[in-house]
Amino acid sequence: MRLESKKSAARAGGVVFGLLAAAGTAHADFALNMTPGVSSVSREVYGLHMLLLWICTAIGVLVFSAIIYSVIKFRRSKGAVAAQFHHNTTVEIVWTVIPMLILISIAVPATKVLVVMEDTSNSDLSIKVTGYQWRWGYEYLDEGISFISSLDRQSDLARQRNPVIKPREVENYLLEVDNPVVVPVGKKIRFLLTSNDVIHSWWVPALGWKRDAIPGYINELWTRIEEPGIYRGQCAELCGRDHAFMPIVVKAVPEDEYRAWVEEQKARMAPGRQEPAQAANPAPASQPQQALPPAAAAAQDVVAEPTLAELMQLGEQAYLTNCASCHQADGTGMPPMFPALKGSPVVAGDIDAHLEVVLRGVPGTAMVSFAHLSDAELAAIVTYKRNAWGNDTGELIRPADVRAAR
Ligand SMILES: [Cu+2]
């Protein structure tokens, strides 16, 4: 009996030390811990997390040491007899005051960090982030730039069991987008988070926070990224079928590089320009980035009368990015949820009515307005739909027509 309990105590001790040792090795490559992140706030959040971790560890060690010591030292087989007193004022004061002090020592730094996180005043730029099922929309309020950021094509094909592209072979599988959010380093960036349909949550671990994007509601937070780099995140609120396929990519660049990007985007947004939104993404080598020096930008204006072939090419890209997740790449949709566009009477019918659906959406359905796309993109998409998959109407719609219909 005595031997037994000694043995099991030794075994329990072995398990505890084994766990500690395992935690130690895991800690060495930081596989288990939170990331310190790349912003002042994320570092403060990390500091708070470490403080709490050590406070909890100290409490855990003290409490478990006391329990283990008592269990071994005062066991019945050694003749221990339990004391029978009740009520001890000293003990009661001690076990009230000590936890109080511990809680205060946690609450004070935690409140400080929370106050800093909530203070969005004096920001240098504001970006409105809108969650859609299942992509993110970004609007640079000071610059008048807006775009939609969707899962990149490679990941999208791979996740749909494409026979050629395998998930393992896609770099940053499910963590890459077509249009990343480009931001300047060292600037205070205010994010205004909202949603167009259901609750989403915008989460980039390196920034140290995540915040819900709620329809009809605006949540604010801010960041100041200190190191240039590409930071990836995901929607963190279960938001429907493709919740796992709406990643976030934040690209932090030096100020001058950011200005250049802003100019490029403004050129794309300007009426009559033919730039597809894809130009924002430097990642896929198959889509060479189109730099837009002033001369080139001027040249873009000439393409106010694009040919059917040009529109079809642009349109296919823009369609795959913006529409294929619901209506499918081959236009067959997923009836009854998402109607087929191949052979659709709307698509083959009156151009204005067709354009109306895309520009205004169908209220109360997943078919949202796509008015945030540029005139050129919309003209290309509509032209593409009217001529792809056997919808051979031969009709073409120009950016100017879209402009007029807005
Ligand atoms: Cu979501």
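Let's start with an open sheet of 5 strands, whose order is S3-S2-S1-S5-S8 and whose pairing is mixed. A strand here is a DSSP run of E with at least two residues, a helix is a run of H or I with at least four, and both are numbered from the N terminus. Two strands count as paired if DSSP finds at least two bridges between them. At the edges of the sheet lie strand S3 (145-149) and strand S8 (219-223), each pairing on one side only. From one strand to the next, the twist averages 20°, taken between lines fitted to C-alpha atoms, with angles from 0 to 180 degrees between N-to-C directions.

This is a predicted model, in which local features need pLDDT of at least 70, side-chain atom pairs count only at pLDDT 80 or more, and totals for chains, interfaces and linings use all residues. Residues are numbered from 1 along each chain as its sequence is written.

| Strand pair | Sense | Bridges | Residues standing opposite |
|---|---|---|---|
| S2 (residues 135-140) and S3 | antiparallel | 5 bridges | Gly137 and Ile148 |
| S6 (residues 200-204) and S7 (residues 209-213) | antiparallel | 5 bridges | Trp203 and Lys210 |

S6 and S7 form a hairpin with 4 residues between the strands, and Gly208 there takes a positive phi near 85°.

Now for the inside of the protein. A residue is buried if 20 or more other C-beta atoms lie within 10 Å of its own, exposed if 12 or fewer, and partly exposed in between, with C-beta atoms placed from the backbone. A nonpolar core is a set of buried Ala, Val, Leu, Ile, Met, Phe, Trp, Tyr and Cys residues joined through C-beta atoms within 7 Å. The largest such core has 35 residues, and Val181, Ile127 and Val250 are among those with the most contacts inside it. Strand S10 (residues 248-253) gives the most to this core, with 4 residues. A second, separate core has 19 residues, including Ala376 and Leu396.

Which residues does Val181 touch, leaving aside neighbours within four places in sequence? They are Ile127, Tyr138, Ser149, Val249, Val250 and Lys251, where contact means C-beta atoms, placed from the backbone, within 7 Å.

Helix H3 (residues 89-118) is another story. The count of buried residues among its 30 residues is 0. At 1.5 Å a residue, H3 should span 44 Å, and its end C-alpha atoms are 43 Å apart, which agrees. The expected span is 1.5 Å times one less than the number of residues.

Overall, the protein chain has 12 helices and 10 strands, and buried residues make up 27% of its 406 residues.

Methods. Contact = placed C-beta atoms within 7 Å.
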